[in-house]
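Here are my notes on this model, as numbered points. Have the structure open while you read.

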Amino acid sequence: MTTAWPARLAAALVRASIARPRLVLLLSLLLGAWSCWVVATRFAMDTDVVNLFPPDLPWRQTEEAMDAAFPNRTDVIAVVLDARTPDEADRAAARLAEALSTRKALFHSVSRPGAEPFFRQSALLFLEEKEVQAATERIIAAQPLLGTLAADPSLRGLGKALELLAEGLRRGEGDRALTAPALAALTAAAQQAAAGKVAPVDWAALFTGQASDPSMRRRFLLLRPVPDYSALAPIADAIETVRAEARRLGLTEENGIRVRLTGDLVMGDEEFSTVFGGAIAENILSLLSVALLLWLGLRSGRLIFPILGTLVLGLPITAAFGLLVVGPFNPLSIAFAVLFIGFGVDFGIQYAVCLREQRHRLQDQPLPAALIAAAGTAGEGIALAALALGVGFLAFLPTDYRGLSELGLIAAAGMLIAVLISLTTLPAWLVFTRPKAEKEGVGYAMLAPLDSWLARHARGVAAAALLVGVGCVLALPLLRFDTNPLNLRNPHTEAVSTFRELMRNLDTTPNTLEALAADLPAAEALARRLEALPEVADTLTLPSYVPQDQAPKLALIRDAADLLGPTLELPETEPPPDDSAAAGALVKAGTALREVAAPLSQALLRLAEGGPAGRARLAAALLPGLQDTLATLRLALQAAPVTVETLPESLKRDWIAADGRARVEIRPRDLSDRAEAMAAFAAAVRRVAPAASGTAISVQASSATIQRSFLVAGTLATGLTVLLLLVALRSWRLSLLALAPLALAGLLTLVTCILIGMPLNLANIIALPLLFAQGVAFDIYYVAAWRHGERRLLPSSLTRAVLYSALTNGTAFGTLALSNHPGTASMGVLLTMSLLYALVAVMLTLPALLPLFAEPVGRAAPTPPGAESAG
């Protein structure tokens with residue numbers, strides 16, 4: 001039988017390399033050094049995930065149109081501040097915003113939603129009429145206390161107010177039900193101050209009777225950072241600055257204030273930190289495991305170290321190619337390194353195991369003869385596997401998923417580089433390490449009975465494989481694809497857990513959609529149509545900030561203002577008290593309250609008798625909130641009619657673009673992150689507003705782009721691989737037989753995903769083309785051996801090479817399953833499963849399928865090219 005051209009080419013490369021081994025090694029080292037210099041001087045990353053998709057995709061264009069119309073709403077960090085009282089949250093947000101506003105190099109802008117005076121002045125107008133009436137009546141009832149406190153908002157004024165309250169209660173005046181909450185809150189604050197703690201009082205709740213819920217004690221900052229997309233964590237400096245300023249200002253949980261950061265940018269940074277944070281440990285474990293498996297498979301340091309050396313050499317060469325030809329790496333293309341290690345070591349293993357076998361067969365021949373003979377024997381399989389891998393990766397190029405297409409080009413180049421150095425640098429290196437001759441064969445004689453059994457029962461094995469395949473196909477409709485990128489992230493990180501918490505509240509959910517209308521009337525008309533959809537909870541436009549039924553509410557507020565205006569505007573007549581004056585006021589208040597509020601009386605007297613620190617803590621708990629609440633009351637009682645025209649300009653800019661177009665915000669009825677609910681919401685809104693954009697739409701559209709890319713790449717890779725095999729093997733039967741076990745392995749992998757409840761997602765889907773690539777390589781090695789006349793496949797040395805290649809790759813990829821990042825972990829699990837199934841399918845089906853279906857070939861194995869003259 002005529003030796004195939006890949007085998008002849010491989011033998012020629014090895015013959016030329018070992019003829020001048022020093023020159024080959026010198027040139028290899030120089031190329032490696034130059035590549036390291038390129039990587040060191042030109043290495044760059046583009047971690048902007050938006051750039052993974054071409055800008056001409058329709059959903060990208062709608063997003064960019066919205067971003068251009070409202071640039072201040074894009075790429076923001078949401079800082080969530082939770083405090084013990086609303087006024088404490090206001091002060092914390094204001095202080096942090098002021099501190100961050102000076103950091104111009106890190107932040108384009110810093111804003112506080114809802115902090116405009118308009119919202120404080122119109123606060124009562126946004127309540128229901130009954131709530132306004134109750135609040136104004138309660139404020140009016142507190143007029144005597146308000147007057148005293150407004151005149152002297154200090155511990156001295158508080159003491160006087162409590163004396164008046166105690167006197168009124170002793171006389172039976174006033175409503176004890178109204179004063180009880182205030183006395184209880186002041187008692188708690190005083191007791192905590194005496195115990196060494198600061199417990200702020202919610203004065204607004206005391207005056208209005210409306211207890212604050214957690215959302216009322218929460219404030220937001222929206223920061224537009226200046227990202228550095230050349231770094232793995234583009235906004236790491238901005239995030240650390242926010243945290244550092246919060247600590248400097250005392251905005252910590254120990255002080256009752258919780259500061260959290262979330263948003264797509266923050267989650268992306270956390271994700272990269274999670275992935276790359278564990279990458280070092282995972283890579284070290286992977287390298288140690290690969291070294292152990294190489295030792296078990298090759299049993300010779302003279303073989304292992306050259307193989308590892310060629311891997312170390314090929315990695316910077318491939319990286320330099322990527323930087324020079326493609327440009328900065330993206331979050332997907334950087335994975336070329338894992339692929340190069342996983343697949344590149346395969347060629348070295350195949351060649352080294354075949355060399356061991358040739359050293360056994362040609363014991364009376366010198367090492368160069370074995371090196372050339374090994375190339376002639378394994379060369380066809382290695383060359384075809386490399387070409388199949390390269391073709392499979394190049395199939396990614398025409399897809400719309402830029403991250404995947406760039407990965408495909410770099411990985412394909414890496415396969416070519418790996419096979420070239422495996423057939424040039426590796427044999428040249430082996431000339432100097434001089435592997436010893438083998439006394440025994442390196443195959444697995446114990447597998448001979450299994451090999452014979454499979455051949456004898458070929459029809460039964462083929463039928464069983466067919467039945468298993470058909471069963472798997474029937475189960476495929478149960479396979480789920482999770483399109484929610486949030487499920488790929490660690491749910492326990494601050495950004496993700498905060499995002500999910502906000503998502504469950506209609507007023508704070510980030511899973512909203514947006515649409516642009518020609519003008520404000522058109523926006524209102526569009527909003528009405530959208531609100532009619534069952535998937536939509538409500539919509540917001542600029543007029544949503546105009547309160548309803550203002551007339552009766554304004555009347556109630558004016559009545560209260562007429563009664564309370566002079567009281568609240570009474571100027572302070574006394575200078576702030578010193579500590580002794582404050583202590584004296586607390587003594588008088590405590591004594592007056594002894595009969596009507598004993599717990600508060602005891603706490604005040606204890607503070608009066610104690611040191612200044614206790615009174616300072618009481619002042620910190622009561623006075624800032626009191627002063628803020630008095631200021632808010634003064635402003636709220638000045639409420640005026642609100643129209644669209646009178647709304648603040650800063651608010652208008654959030655809803656009306658510079659060219660007059662108006663924004664409509666659409667909020668979902670289903671506040672979960674279920675992919676089905678998000679898809680239904682997005683589809684319903686797009687039927688009414690085709691140009692809508694937002695998270696639900698971008699998630700669905702990007703997922704569809706990714707799935708379509710993998711479908712296109714898979715179809716192209718299959719077709720090109722079949723064509724490659726036809727050209728190389730010149731046989732339809734052998735070409736199809738090379739793919740049959742791979743198809744079975746893929747089906748078994750997908751059905752296992754169904755059985756263990758692991759859906760395909762945007763991360764682990766990349767395992768499928770990798771399964772194809774590696775599975776094709778395994779199949780080709782056996783088919784090429786069969787074509788060369790090898791009939792005892794399982795006992796041959798090839799099985800040792802394939803087995804340890806699979807175990808090495810499985811170990812390298814399997815360490816990903818240990819990652820704390822759910823997406824990476826699921827990819828590791830799927831890769832490990834797929835490699836296992838590929839190995840099992842190849843070893844248990846090809847020994848049966850080849851005798852049953854392959855074209856008859858001569859029984860005698862041909863002489864490896866070059867062996868006859870190697871000596």
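Are F396 and F710 buried or exposed? Point 2 has the answer.

1. Ground rules. This is a predicted model, so to speak of local features we ask for pLDDT of at least 70, while side-chain atom pairs count only at pLDDT 80 or more and totals for chains, interfaces and linings use all residues. Numbering starts from 1 along each chain as its sequence is written, and side-chain values use heavy atoms, with hydrogens and water left out.

2. The F396 and F710 pair. Both F396 and F710 are buried (under 20% relative accessible area; exposed is over 50%, partly exposed in between, with a 1.4 Å probe and protein chains only). Their ring centres are 6.4 Å apart and the planes make 70°, so this is an edge-to-face pair. For ring pairs, the rings are those of Phe, Tyr and Trp (its six-membered ring), with centres within 6.5 Å; planes under 30 degrees apart are stacked, over 60 edge-to-face, and the rest tilted. The pair links distant parts of the chain, 314 residues apart: F396 is in the loop between helix 16 (367-394) and helix 17 (402-423), and F710 is in helix 29 (residues 695-729). Helices here are DSSP runs of H or I with at least four residues, strands are runs of E with at least two, and both are numbered from the N terminus.

3. Other aromatics. The structure has nine aromatic pairs. In one of them, F118 and F126 have ring centres 6.3 Å apart and planes at 85°, so they also count as edge-to-face. F118 is buried at 11% relative accessible area, whereas F126 is partly exposed at 37%. Ring pairs join F118, F119, F126, Y545 and W655 into a cluster.

4. Charges over rings. W655 has R663 over its face, 3.9 Å from the ring centre. Likewise, the charged end of R791 sits over the ring of W786, at 3.7 Å from its centre. The test is NZ of Lys or CZ of Arg within 6 Å of the ring centre and within 35 degrees of the ring normal.

5. Strand 4 and its partner. In strand 4 (residues 258-262), four of the five residues are buried. Five bridges pair it in the antiparallel sense with strand 1 (residues 77-82).

6. Contact means heavy atoms within 4.5 Å.

7. Strand 8. Seven of the seven residues in strand 8 (residues 662-668) are buried. A662, V664, I666 and P668 point one way, while R663, E665 and R667 point the other way, and all are buried. Strand 8 runs antiparallel to strand 6 (residues 513-517), with five bridges, and E514 stands opposite E665. Strand 7 (residues 536-540) is also antiparallel to strand 8, with four bridges, and V536 faces P668 there.

8. T752. This residue is in helix 30 (residues 732-756) and counts as buried at 12% relative accessibility. A polar atom of the T752 side chain lies 2.7 Å from the backbone oxygen of L748. Leaving aside neighbours within four places in sequence, T752 is in contact with M833 and Y837.

Technical notes. Pairing = 2+ DSSP bridges. Polar contact = N/O pair within 3.5 Å; in protein donor to acceptor, adjacent residues only side chain to side chain.
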